[in-house]
Amino acid sequence: MSRAPRFLLAATLLSPACAGRRHEPPLTESALRAELDRHTCARWEPEVKQWSLLLFDSSCDPAPASGDAQVLTRAAVARLRPLLLLTESAHDHFYEETARSPPPSHEEAQRLADAAVWSDRLLSGAIWQALARELAARGLACGDCPRPREPPPITARWAEFFPYLAAYVWPVQLSEGAPVEIFTCSEIHGAAALPVNPTLTQAGQLAAFAFAEDETAARQIHALASQGSLAEILKLVRSYLDSPESRRLACAALADVAWFTGLRISDC
């Protein structure tokens, strides 16, 4: 057997096809956007006869992940879910566009759902931040993707941050004698009385959202609503949020979104 056929045989045995490797298409902005859009969907609500917007919902794309683009976008979506409290602009845009008679078709509603995500500058910026993190973690690159700005690192103590958390878990009594209700808020509420600090304000919102999403914490907080006057309940809520158990929950939530906020609590 001549040397040339031996080299040919070796090359054949070591080729990607024979080694079972798949050729992945290059990662591009349009490809990653298309993958992200699969995690957003419009759902018809027959009870109220309108479309609802589901962001990063597991029911939107039940297909298993395969390929670099799908795997890393699923990881990015997991990063983004704790930020859902900040997607109010996308929801407003979607409901404004779909609130018409007759309502849009499913195909049109889905197009509007995708457009709503990318119309929200805060959300779309967070998406590219999350994707950049996942690309870097896998040693991958996207040649034409936006280059998001990394948040500047900020360190604060728990005592500095805590008022901004408490400001977004807010007891409300609509009228004298009415029952007190406790809300996790996306509006300013108690934060209006605090020093202006966009990072701590945003982090306070996100940590409050974590309490609302945690079944045990949400149940315990809402049980406080019947424990006295509005002033007394406000004190109880603040005491609960400043407890060691709540502090652990808040610190874990802040760590999950530190890639987005840049905030680190030094004494968590």
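So, the largest cavity: its lining is made up of Leu-83, Leu-86, Thr-87, Leu-122, Leu-123, Ala-126 and Phe-260. Keep in mind that this is a predicted model, where local features need pLDDT of at least 70 and side-chain atom pairs count only at pLDDT 80 or more, while totals for chains, interfaces and linings use all residues. Residues are numbered from 1 along each chain as its sequence is written, and side-chain values use heavy atoms, with hydrogens and water left out.

What do I mean by a cavity? On a 1 Å grid over the protein atoms alone, a cavity is a set of points where a 1.4 Å probe fits but cannot get out; a pocket is an open set with protein on both sides within 12 Å along at least five of seven lines, and lining residues have an atom within 4 Å of a point. Points are joined across faces, edges and corners, and a volume is the space filled by probe spheres set on them.

The largest cavity has a volume of about 40 Å³, and the count is one cavity of 30 Å³ or more. Its lining has six nonpolar residues, one polar and no charged (nonpolar is Ala, Val, Leu, Ile, Met, Phe, Trp, Tyr, Cys and Pro; charged is Asp, Glu, Lys and Arg; the others, Gly among them, are polar). H6 brings the largest share of that lining, three residues (helices are DSSP runs of H or I, at least four residues, numbered from the N terminus).

Of its 16 lining residues, Leu-122, Gln-129, Arg-149, Pro-151 and Phe-260 are the closest to the centre. H6 gives the most to this lining, five residues, and the classes are eight nonpolar, five polar and three charged.

Now, how does H6 meet H3? Helix H3 (residues 68–80) and helix H6 (residues 121–137) pack at an angle of about 125 degrees, with axes 9 Å apart (axes are lines fitted to C-alpha atoms over the stretch in contact, and angles run from 0 to 180 degrees between N-to-C directions). H3 and H6 are therefore oblique to each other (under 35 degrees is roughly parallel, over 145 roughly antiparallel, 65 to 115 roughly perpendicular, and the rest oblique). Among the residues in contact are Leu-72 and Ala-76 in H3, and Ile-127 and Leu-131 in H6 (contact means heavy atoms within 4.5 Å). By class, this contact has nine nonpolar, one polar and three charged residues.

Conventions: Helices (H or I, at least four residues) and strands (E, at least two) are DSSP runs, numbered from the N terminus.
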